[in-house]
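The sequence and structure are shown first.

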Amino acid sequence: MEAAARRRQHPGAAGGAGAQPGASFLQARHSSVKADEAAGTAPFHFDLWFYFTLQNWVLDFGRPIAMLVFPLEWFPLNKPSVGDYFHMAYNIITPFLLLKLIERSPRTLPRSMIYVSIITFVMGASIHLVGDSVNHRLLFSGYQHHLSVRENPIIKNLKPETLIDSFELLYYYDEYLGHSMWYIPFFLILFIYFSGCFTPTKAESSAPGVALLLVMPSGLYYWYLVTEGQIFLLFIFTFFAMLALVLHQKRKRLFLDSNGLFLFYSFALTLLLVALWVAWLWNDPVLRKKYPGVIYVPEPWAFYTLHVSSRH
């Protein structure tokens, strides 16, 4: 009875021998997960990168083109255009693909930061949807993208003049607030994902052929994103942060895996294309007037309205 009383007073004493194996198992399992995370390398996500590149070209780059191609009778000016529906699909599919990329990362990434970034991304892209919709519909009324809002022929003579302030507010939501809330979290998520794309095995630091095939359309799309979105500073900061991370990890004998190499090569190609674009239009007097700052990166649609559509 005394022994039974002692067992009641110290219930862990009888099960101590049985509890130790369980604790040891959990500790060993936790250690094995950490070891796998440290040594794990994800295969190249061809399906996600292909869908990501395809929807970027179709739903983002193709938006204004589809709006100009489809007959105006199908999408009246007082209703959403086909490009707006493209934008709505983009706002749903892109965050989904970004989350799937994060899920496949072999490293444990900061989930809270990812979720906040995704929420901000969707809000910024939705703000941009409204502003961009109105701005592109103004093209049918003679709006010229290579001119500022107040210099546009259809805007500068509006009465009362406070209406011009309203259009400038719309432009601010489209080109500044919407772009900032859209692109900053977008590049932040890509960088966070990139930070997990390292492997301790040098042999695994190579890009398969399908990855190299996707680099060209991916890099070309990011060129469009950087120039049309006017986010060169954000892009160059992200690229050099990626480069600094690569050099830092190299000191630890860690190398980029196939997914990291794909992202890095795409951004490097984008930087080259932006440099060639700026060099080509360096002496354009009209575009120089619209982009008077130190950083001169003309928008493709401004070039289109100035040198292409004006000839037809």
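## A partly exposed valine

V210 counts as partly exposed because its relative accessibility is 36%, the class between buried (under 20% relative accessible area) and exposed (over 50%), with a 1.4 Å probe and protein chains only. V210 belongs to helix α7; helices are DSSP runs (H or I, at least four residues), numbered from the N terminus.

The model is predicted: local features need pLDDT of at least 70, side-chain atom pairs count only at pLDDT 80 or more, and totals for chains, interfaces and linings use all residues. Residues are numbered from 1 along each chain as its sequence is written, and side-chain values use heavy atoms, leaving out hydrogens and water.

## The nonpolar patch

Together with F46, F50, Y51, L54 and V58, V210 forms a nonpolar surface patch with about 510 Å² of accessible area. Helix α3 contributes the most to the patch, with five residues.

## The largest pocket

The largest pocket holds about 470 Å³ of space. A pocket is an open set of points on a 1 Å grid over the protein atoms alone, where a 1.4 Å probe fits, with protein on both sides within 12 Å along at least five of seven lines; lining residues have an atom within 4 Å of a point. Of its 23 lining residues, Y171, E175, Y176, Q230 and E299 are the closest to the centre. Helix α6 provides the largest share of this lining, seven residues.

Notes. Patches are made of residues with over 30% relative accessible area and no salt bridge: like charges are joined within 9 Å, nonpolar side chains (Val, Leu, Ile, Met, Phe, Trp, Tyr) within 5 Å. Accessible areas come from the Shrake-Rupley method with a 1.4 Å probe; for residues, only the protein chains shown count as cover. A salt bridge is a side-chain nitrogen of Lys or Arg within 4 Å of a carboxyl oxygen of Asp or Glu. Helices (H or I, at least four residues) and strands (E, at least two) are DSSP runs, numbered from the N terminus. Grid points are joined across faces, edges and corners, and a volume is the space filled by probe spheres set on the points.
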